[in-house]
Structures are given as C-alpha cells and as structure tokens.
Amino acid sequence: MIEISLKAEQLGHLGPLPVNNSLLASWCAVLILIVLALIIRFSIKLIPSKIQSIFEMIIEYFLGLMEEIYGSKEKARKVFPWVATFFIFILSCNWIGILPGIGSIGLYEHGEDKTIFLPFLRSANADLNTTLALAIISVLLTQIFGILAAGFFKYSKRFFNFSGFINFFAGILEFFSELIKVVSFSFRLFGNIFAGEVLLVVISALVPFVAPLPFYFLEIFVGFIQALVFTMLTIVFIRLAFLVAEEGH
Amino acid sequence: MELLSSFGINGKLLLAQVVNFFILLLVLYFFVYKPIISILDKRNKTIKESQDEAERIKQESAELEIKKKEILAKAREEAMKIIQEARKEGENAKGDAVKKAQEGAQKIVSDAKVTIKAEQEAAFMELKKEVADMVIAVSSKVIAKNIDSDSESKLIDNVVKEMENK
C-alpha cells in the first residue's frame, strides 16, 4: 500500500525547531551549494575551469536577460543576486529531490493505531513551507524594489489610489493580486514537485524497473522549468514594480 | 487554518526556510556572484582592450605598409635618376675625352705639318744655295776668265729659274 502524505513528515526536534524531512533536504542542498561556492571562490580564475564556466554561464544569462528587461545595468545588478539565488536554490532542491534514496530510505514508525513509513529526506519543494517561504520573499522583494525605485509614497499609490473611483478599485485589485501571487507562486512550485514525487512513487510501485526512467527525465525537466518559471515571474513582477516609478509623473 | 495545517504549514519551519534562503543568498553573493561578476567584467574589459589593441596594430601595420611602398617607390625613382645622371655624365666625359684626344691629335698633326714644312723650306733653301754655289763653281770652271761677273750672275739666274720651273 502506497502512503502519500501531503505534509512533510516530522523527524524530530532541534531545540524549539521541529525538523521535518524537507527541511533536512534543503539543508543538504544549502550545504552542497555552500561547498560548491567555496570551491568556486578559491579556484576562480580569469580563464575559467569547467565548474566556473557553468556558473558563469548561468550568471551571464540572467544578467543579460535582466539588463534587457529592466533596460538598466545598475538595476539588473541590484536585483540579480536575489533572483539568481531563487533559481539556484530551487533548481538544486528539485534535482536533489529526484536522487534515488530520497523519499525511499527511512524508518517505520510504530504509532498507536498504525505503522507509518518515515523517509529521512523529501524534496524540499514538496513541502509547502519551503515554497511559501520563497513566495513570500519574492513578493516582499518586489514591493521593496518598487519602494526603492519610486519612493514609499508614490509606490503606495499603486494600491491605495484615491484619485478616482475606478483607480481606487484598480488599486484594491492590484493589492489582492499581490497577495494572490504568494499563493500562486507557492502552490505552483509545491504542486509540480509534489506531483512529480507522487508520480515517481506510483510508477515505481507499479513497474519497478525501466518504466520509471522516462518519468525521471521528465522530473529533471520539470525541476528545471519550475525553477526557471519562479525566477522569470519574479523578474517580471519586479519589472512591473519598477514601472510604477517610471509612469505618471 | 485547518487548510494550512493539512499542508503542514508551521511558522518555525517557514522561518527556517527563509533563513536557509538568506544564508544561501549571502554565501552565493560573496563567494560566487561578486567574484564572478567582477571577473566577467574584467574579462570583457580585457577582451575589449585586446580587440582595440589588435585594431590599432592592424591599422598601424597598414599605414606602415603604405609608407614602405612609398619609400620603396621613392628609392626606386631616385635610383633611376642616379643611374640616368651617371650615364649622362659618363657619356659627357666620354665625349669630352674623345674631343680632347681628337684635338690633341689634330694639334700634333698640324704641329708636325708646320715643322715638316719649315724643314722642307729650310732644306730647299739650303739646296738652292748649294746648287747655286755648285753652278757658280762649275760655270766658273767651265767659262773661266771670259765671262764678266755681270753676265755671270745673269746666267746663274737663268739656271736657277730653270731649276725652279722644273
């Protein structure tokens, strides 16, 4: 019997912090990335090594894209670290989540009424906590960049506009659309990755050999696409926030 | 709220993920983005500089090529000029020498002619004188005392004239 839990399973407590398997996985991802970052930092050269050129490629791609979208090198460089971190974090979490052993190595916990399987690791983005955190950061970031570009007073007019009846309601709509972005960001990422996990579990249970392979490729692709979608949407929303400063003088 | 708990939403976990993100942001910012962006800028600068440098060198070499051609053409022209001048000078010198030689030869010839003439004349005069003396001697011997000196000189003159006419 396959048991699929919508929430990440809790493993234990670290002080006041309840540690679940998704948090553990994201710690792994962060740790791996930090090690990678250190390796890059201390092997950085004008003529790049392979690992350096991969990072350079990602960085150059996003920098070029953002310069095009924002029409300003300065703005692009200011926003870039945030957006790039979204991409790298989400991508590595998604790909680490596909690795065999994650979601399948664990313990059977004997509860009072039933026995449940407790995997040690679970794809970080298959926990709504992670995606919600990222979504909140993304949306707040958008507001902060908007305020930095337009000033607090002018930017607040985007949501609280008393210059007319229609404008007032447009502002209210705008406000709710920002709130809804949090939901759409978090549930899109969570849904895709969680569905992928479920799909892999189900296929592996039905036909354990060979058959899951195409679905693994699919999940690698989905993991990349979702990271890209999240990043792109953030870039575009920040562009919209910058627009407030540029319009209506 | 039941919805949230059914998804396992937990404020502490949320915060832990936010912290994760910020740790990663800081680490990546200082260890990856900043050095890599600076190195990208540096590389772009280097590439641009070396491109400019290459362009400059190319231009310079083109200029040098033109200059070289100019110099070569000039040198060739000058060489031609020098050769022509030398040829002209040589010809002049040759002409002069020939002329001088000719003049010298002419002079020698004319000198020789003058000398010859003078000698000839001198010889002739001497011959005349000798012939006259001889005639006098012969005639005085032949005629002896019969002829006076007046007719004698007349006769001599006649003989001389005859001889001259010959």
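Helices here are DSSP runs of at least four residues and strands are runs of at least two, each numbered from the N terminus. With that in hand, we can say which part of the chain lines which space. The structure is a predicted model.

**Chain A**

Start with chain A. Its elements comprise 7 helices and 4 strands. Read from the N terminus, they follow the order β-β-α-α-α-β-β-α-α-α-α.

**The cavity**

Where is empty space left inside a structure? Rolling a probe the size of a water molecule over the atoms shows it. The search covers the whole structure and turns up 1 cavity of 30 Å³ or more. The volume of the largest cavity is about 70 Å³. Its lining is made up of A:N94, A:G97, A:I98, A:S123, A:I193, A:G196, A:E197, A:L200, A:E219 and A:G223. Three elements of chain A each give two or more residues to this lining: α3, α6 (165–206) and α7 (212–246).

Which of these helices gives the most to the lining of the largest cavity? The answer is α6(A), with 4 residues. Now sort the lining by class. There are 5 polar residues, 3 nonpolar and 2 charged.

**A pocket in chain A**

Next comes the second largest pocket. Its space is about 260 Å³. In total, 13 residues line this pocket, and A:L33, A:L36, A:F55, A:L91 and A:S92 are the closest to its centre. The elements of chain A that give two or more residues to the lining are α1 (21–42), α2 (50–70) and α3 (73–98). Helix α3(A) gives the most, with 6 residues.

What classes of residue make up the lining of this second pocket? The count is 12 nonpolar and 1 polar, with no charged residues.

**Where chain B meets chain A**

Now bring in chain B. The contact involves 47 residues of chain A and 33 residues of chain B. How can the size of an interface be given? Often it is the accessible area lost when the parts come together. Here the two chains bury about 3,800 Å² between them, and 77% of that lies on carbon and sulfur atoms. Three residues of chain B stand out: B:F7, B:Q17 and B:F21 supply 19% of the area that chain B buries against chain A, more than any other three residues.

Polar contacts come next. Between chain B and chain A, 8 residue pairs are in polar contact. On chain B, the touching side draws two or more residues from each of α1 (2–6) and α2 (11–143). Helix α2(B) gives the largest share, 27 residues. Split by class, this side of chain B has 23 nonpolar, 6 polar and 4 charged residues.

**Salt bridges**

Over all chains, the count comes to 9 salt bridges. How many of them are found across the interface of chain B and chain A? The rule finds 2 there. The table lists pairs that link the chains.

| Chain B residue | Chain A residue | Closest N and O atoms |
|---|---|---|
| B:D41 | A:R77 | 2.8 Å |

Methods: Residues are numbered from 1 along each chain as its sequence is written. Chains are lettered from A and ligands numbered from 1 in the order in which they are written. This is a predicted model: local features need pLDDT of at least 70, side-chain atom pairs count only at pLDDT 80 or more; totals for chains, interfaces and linings use all residues. Side-chain values use heavy atoms; hydrogens and water are left out. On a 1 Å grid over the protein atoms alone, a cavity is a set of points where a 1.4 Å probe fits but cannot get out, and a pocket is an open set with protein on both sides within 12 Å along at least five of seven lines; lining residues have an atom within 4 Å of a point. Grid points are joined across faces, edges and corners, and a volume is the space filled by probe spheres set on the points. Ala, Val, Leu, Ile, Met, Phe, Trp, Tyr, Cys and Pro count as nonpolar, Asp, Glu, Lys and Arg as charged, and the others, Gly among them, as polar. Contact means heavy atoms within 4.5 Å. Buried area is the accessible area (1.4 Å probe) that two parts lose on being put together, summed over both. A salt bridge is a side-chain nitrogen of Lys or Arg within 4 Å of a carboxyl oxygen of Asp or Glu. A polar contact is a pair of N or O atoms within 3.5 Å; within protein, one must be able to donate a hydrogen and the other to accept it, and residues adjacent in sequence count only if both atoms are side-chain atoms.
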